[in-house]
Amino acid sequence: QLQLVQSGGVTVQVGGAARLSCTGSAQQLSLYSVLWFRQVPGKEHETVSCISPSGSLTLYAESVKGRFTISKDSAENAVYLEMSDLRPEETGVYFCAADTRRPGYWDNGCSPSEYTTWGQGTQVTVGS
């Protein structure tokens, strides 16, 4: 059964950059769509981005377009979220999740309720 392990917490300056990783074990992430989701205190939780099983299709929230990039590395069995121009209001906990109920399926809406395997979360702190 797939398990997801995320990289450790990061602290970056306003306008800085960071890369989060989400590594799979026991199964290949290439079988599943994967998303990144964030919980920001005082704000609505948000799906940041998602990527198809093959990695050829991606979606981004409007708030991060042009600043965040999601990618999938089959050799490393990992999904990455590269973030740039980070803002204080993006401080929060970021989770990756895989759609393990539907192998090979691309959820064009990236609905987190359909994603059943979750990583442990990564704290991202953006400060001056």
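Which residue forms a salt bridge with Arg101, and how many Å apart are the closest N and O atoms? The points below take up this pair and then the rest of the structure.

1. This is a predicted model, in which local features need pLDDT of at least 70 and side-chain atom pairs count only at pLDDT 80 or more, while totals for chains, interfaces and linings use all residues. Residues are numbered from 1 along each chain as its sequence is written, and side-chain values use heavy atoms, with hydrogens and water left out.

2. The partner of Arg101 is Glu114, and the closest N and O atoms of this salt bridge are 2.3 Å apart; the term stands for a side-chain nitrogen of Lys or Arg within 4 Å of a carboxyl oxygen of Asp or Glu. Glu114 and Arg101 both lie in the loop between E9 and strand E10 (117–118), 13 residues apart, and the pair links distant parts of the chain. Strands (E, at least two residues) and helices (H or I, at least four) are DSSP runs numbered from the N terminus. Glu114 counts as partly exposed at 25% relative accessibility, whereas Arg101 is exposed, with a relative accessible area of 52%. Here buried means under 20% relative accessible area, exposed over 50%, and partly exposed in between, with a 1.4 Å probe and protein chains only.

3. Glu114 also meets the side chain of Arg102 in a salt bridge, at 4.0 Å from N to O. Arg102 and Glu114 both lie in the loop between E9 and E10, so this pair ties together parts that are 12 residues apart in sequence.

4. The structure holds 7 salt bridges, and those that share partners join Arg38, Glu46, Arg67 and Glu90 into one network. Arg38 counts as buried at 3% relative accessibility, while Glu46 is partly exposed, with a relative accessible area of 22%.

5. The structure holds 2 disulfides, a disulfide being a pair of cysteine sulfur atoms within 2.5 Å. One of them joins Cys22 to Cys96, with an S to S distance of 2.1 Å, and the torsion about its S-S bond is about 70°, so this disulfide is right-handed. Cys22 lies in strand E3 and Cys96 in strand E9, so the pair ties together parts that are 74 residues apart in sequence. Both Cys22 and Cys96 are buried.

6. Cys50 and Cys110 form a disulfide as well, with their sulfur atoms 1.4 Å apart. This pair links distant parts of the chain, since Cys50 is in strand E5 and Cys110 in the loop between E9 and E10, 60 residues apart. Cys50 counts as buried at 0% relative accessibility, as does Cys110 at 5%. With bonded cysteines counted along the chain, the disulfides follow the pattern 1-3, 2-4.

7. The largest nonpolar core has 25 residues, and those with the most contacts inside it are Trp36, Phe68, Leu81, Met83 and Tyr94. Such a core is a set of buried Ala, Val, Leu, Ile, Met, Phe, Trp, Tyr and Cys residues joined through side-chain atoms within 4.5 Å. Apart from it lies another core, of 8 residues, among them Phe37, Cys50, Ala97 and Tyr115.

8. An open sheet is formed by 4 strands in the order E1-E3-E8-E7, with antiparallel pairing; two strands pair if DSSP finds at least two bridges between them. Strand E1 (3–6) and E7 stand at the edges with a single partner strand each, so one side of each is left without a neighbour in the sheet. E3 and E8 pair over 6 bridges in the antiparallel sense, and the bridge partner of Leu20 in E8 is Leu81.

9. Ring pairs link Phe37, Phe95 and Trp118 into a cluster, where rings of Phe, Tyr and Trp (its six-membered ring) pair if their centres lie within 6.5 Å, and planes under 30 degrees apart count as stacked, over 60 as edge-to-face and the rest as tilted. The count comes to 2 aromatic pairs. Phe37 and Trp118 are edge-to-face, 5.8 Å centre to centre with 90° between the planes. Phe37 counts as buried at 11% relative accessibility, whereas Trp118 counts as partly exposed at 32%. Phe95 and Trp118 are also edge-to-face, at 6.3 Å centre to centre and 70° between the planes.
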